[in-house]
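Below is a short report on one protein chain. Please read it alongside the sequence and the 3D view.

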Amino acid sequence: YGQELLMSGDRAFVVANLEGGAVLSTQPAIVDGDAETEFVDEPLPTEPFPGDFYPQPRTVVIEIDMTDPDDLRIANSLTVEGRYVSARSIGDTARLVVSTSPTDLGFLFPSGPDSEERAAEANRELVRETTLDDWVPTYTLSTEAGRIEDGALVDCDGIHAPAEFAGFDMLSVLTLPMDDSLGSPAATTSIMATGDTVYSSQDRMYISTNEWISPTLDE
């Protein structure tokens, strides 16, 4: 379902959320003699899901070629692992903000004050056993020519950690040049935080998140 529409020249970029197993294919399907874009379903895993598993939401950017207004067509699509937060465009450049939760790591939650330290140590061990794939979001680029490309959304040197803990999510800002066809994500910056509210000026972008405060009980 759509969230945003960005336009530049003869190109339009639709930003939408994908849920579940839906995948956008730029290859046309013939329906009643007419060509139209096809949504296909990926097969779901046959193994049972963990009880606390939720499918990772994904953000898709759909490039529409408007060169011929009477024959609009999808040129390319870029699918990013994570929840769409917001987008801003200035001139021919767009900034897309996506928040990605880490792969379900099986964190333990203490049942009471006496088990807090044991749960904390078990969770530290879980984190030590993780790999880069558990934390860094991925992307998939589908072109009009049928080429499929995928990989990590951001390099390690583009990932930052805040001075204070702000959540386990990976908040990413993608730069999309709208005066050219969609390509592999470039100039992506990420920070380990959760983001919800976005404000942008001509030369700055601000993203806010909630402060994490440990609960206290009044005596």
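## Terms and basis

Buried means under 20% relative accessible area, exposed means over 50%, and partly exposed lies in between (1.4 Å probe, protein chains only). By that scale Glu-149, at 24% relative accessibility, is partly exposed.

This is a predicted model: local features need pLDDT of at least 70, side-chain atom pairs count only at pLDDT 80 or more, and totals for chains, interfaces and linings use all residues. Residues are numbered from 1 along each chain as its sequence is written, and side-chain values use heavy atoms, with hydrogens and water left out.

## The chain overall

The chain has 219 residues, and buried residues make up 34% of them. Its secondary structure comes to one helix and 15 strands. These elements are DSSP runs, numbered from the N terminus: helices are H or I with at least four residues, strands are E with at least two.

Contact means heavy atoms within 4.5 Å. Of the contacts with a separation of 6 or more, 58% join residues 24 or more positions apart. The chain exposes about 13,700 Å², of which carbon and sulfur atoms supply 52%. Accessible areas come from the Shrake-Rupley method with a 1.4 Å probe; for residues, only the protein chains shown count as cover.

Strands of a sheet pair through backbone hydrogen bonds, either parallel or antiparallel. Here, five strands form an open sheet in the order S7-S8-S12-S13-S11, with mixed pairing. Strands S7 (83-90) and S11 (159-160) stand at the edges; each has a single partner strand, so one side of each lacks a neighbour in the sheet. Two strands count as paired if DSSP finds at least two bridges between them.

Strands S12 (residues 170-177) and S13 (residues 186-192) run antiparallel and are joined by five bridges. Thr-175 has Ala-186 in S13 as its bridge partner.

## The largest nonpolar core

A nonpolar core is a set of buried Ala, Val, Leu, Ile, Met, Phe, Trp, Tyr and Cys residues joined through side-chain atoms within 4.5 Å. The largest one has 18 residues. Val-61, Leu-78, Val-80, Leu-96, Leu-174, Leu-176 and Leu-182 have the most contacts inside it. Strands S2 (11-18), S6 (73-81), S7, S8 (93-100), S9 (138-142) and S12 each supply at least two residues of this core. The largest share, three residues, comes from S8.

What does Leu-174 touch, leaving aside neighbours within four places in sequence? Its contacts are Leu-78, Val-80, Ala-94, Arg-95, Leu-96, Val-98, Leu-153, Pro-185 and Thr-188.

## Helix H1

Asn-123 sits in helix H1 (residues 116-128). Asn-123 is buried, at 15% relative accessible area. Beyond neighbours within four places in sequence, Asn-123 is in contact with Phe-107 and Leu-108.

Glu-117, Glu-121, Arg-124, Glu-125 and Arg-128 are linked in a network of salt bridges. In one of its pairs, Arg-128 and Glu-121 meet at 2.9 Å, N to O. Arg-128 is exposed, with a relative accessible area of 52%, whereas Glu-121 is partly exposed at 37%.

## Salt bridges

A salt bridge is a side-chain nitrogen of Lys or Arg within 4 Å of a carboxyl oxygen of Asp or Glu. The count by this rule is 10.

Arg-73 bridges to Asp-65, with the closest N and O atoms 2.6 Å apart. Arg-73 is partly exposed at 33% relative accessibility, while Asp-65 is buried at 13%. Glu-149 and Arg-147 also meet in a salt bridge, at 2.7 Å, N to O. Arg-147 is partly exposed, with a relative accessible area of 43%.
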